[in-house]
Amino acid sequence: TDTRMELVRAADYAELAWRVEELEAALALIARVTPKPEALAASWQALQARARALLDRVDPATIDAAPR
């Protein structure tokens, strides 16, 4: 029988692999770091900045909207 395969450009794969690594690192910070009470606001702002930078890196125009 034929097996359906979907091909992905290497650059797209590399970008997604990088994003997964960065998002996992950000999630690990949330899960494993407990800021000191006096540093809570600064820690939260740094985490938000990191998350925004990762999310802003997505360009909706580059996402393939072809039906799957």
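In the predicted model, the side chains of arginine 9 and aspartate 12 are joined by a salt bridge, with an N to O distance of 3.0 Å. Arginine 9 is exposed, its relative accessible area being 58%, whereas aspartate 12 is partly exposed, at 32%. The count of salt bridges in the model comes to 3.

Another of these pairs links arginine 4 and glutamate 6, whose closest N and O atoms are 3.8 Å apart. With a relative accessible area of 66%, arginine 4 is exposed. Glutamate 6 has a relative accessible area of 49% and is therefore classed as partly exposed, since the exposed class requires a value over 50%.

A salt bridge is also formed by the side chains of glutamate 22 and arginine 50, at 3.8 Å from N to O. Glutamate 22 belongs to helix α1 and arginine 50 to helix α2, so this pair ties together parts of the chain that are 28 residues apart in sequence. Both partners count as partly exposed, glutamate 22 at 24% relative accessibility and arginine 50 at 30%. In general, side chains of opposite charge can pair when their charged atoms come close.

A further spatial relation concerns leucine 55, a residue of helix α2. The C-alpha atoms of leucine 55 and leucine 23 are 9.4 Å apart in space, although 32 residues separate the two in sequence. Leucine 55 counts as exposed because its relative accessibility is 55%, and the threshold for that class is over 50%.

The largest contribution comes from α2, which supplies 5 residues. By residue class, the lining of the second largest pocket comprises 8 nonpolar residues and 1 polar residue, with no charged residues.

Terms used:
Residues are numbered from 1 along each chain as its sequence is written. This is a predicted model: local features need pLDDT of at least 70, side-chain atom pairs count only at pLDDT 80 or more; totals for chains, interfaces and linings use all residues. Side-chain values use heavy atoms; hydrogens and water are left out. Helices (H or I, at least four residues) and strands (E, at least two) are DSSP runs, numbered from the N terminus. Ala, Val, Leu, Ile, Met, Phe, Trp, Tyr, Cys and Pro count as nonpolar, Asp, Glu, Lys and Arg as charged, and the others, Gly among them, as polar. Buried means under 20% relative accessible area, exposed over 50%, partly exposed in between (1.4 Å probe, protein chains only). A salt bridge is a side-chain nitrogen of Lys or Arg within 4 Å of a carboxyl oxygen of Asp or Glu.
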